[in-house]
Amino acid sequence: SGKSDFNDVLSSKYYASAVAWGAENGVVAGYADGTFRPDKTCTRAEGVSFIYRAVMHTKGDREDNLLQK
């Protein structure tokens, strides 16, 4: 959709649609206060978690596509 529910991610920012996709697909969850904190450097653990969740999300897509062929 391009619009996230995080109160600190403006829809005019270049990364807004990526953040929205990540939230919609369970790759990112943000913080308990409703923020994403786009200017905060992510930790190594957060980065690994993002990659793992993204791979698991796309892995399911590939398996579904293979089954449909």
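Guide: Two aromatic pairs turn up in a search of the whole structure. Rings of Phe, Tyr and Trp (its six-membered ring) pair if their centres lie within 6.5 Å. This is a predicted model: local features need pLDDT of at least 70, side-chain atom pairs count only at pLDDT 80 or more, and totals for chains, interfaces and linings use all residues. Residues are numbered from 1 along each chain as its sequence is written, and side-chain values use heavy atoms, without hydrogens and water.

Visitor: Why is the pair of Phe 6 and Phe 36 called tilted?

Guide: Planes under 30 degrees apart count as stacked, over 60 as edge-to-face and the rest as tilted. The planes of Phe 6 and Phe 36 stand at 40 degrees, with centres 5.3 Å apart, so the pair is tilted.

Visitor: What makes the pair of Tyr 14 and Tyr 15 edge-to-face?

Guide: Their planes are at 80 degrees and their centres 5.0 Å apart, so the pair is edge-to-face.

Visitor: How do you know whether Tyr 15 is buried or exposed?

Guide: Buried means under 20% relative accessible area, exposed over 50%, partly exposed in between (1.4 Å probe, protein chains only). Tyr 15 has 18%, so Tyr 15 is buried.

Visitor: Why does Tyr 14 count as exposed?

Guide: Tyr 14 has a relative accessibility of 77%, so Tyr 14 counts as exposed.

Visitor: What makes Met 56 partly exposed?

Guide: Its relative accessible area is 38%, so Met 56 falls in the partly exposed class.

Visitor: Which residues form the largest nonpolar core?

Guide: The eight residues are Phe 6, Val 9, Tyr 15, Ala 16, Val 19, Val 27, Val 28 and Phe 36. A nonpolar core is a set of buried Ala, Val, Leu, Ile, Met, Phe, Trp, Tyr and Cys residues joined through side-chain atoms within 4.5 Å.
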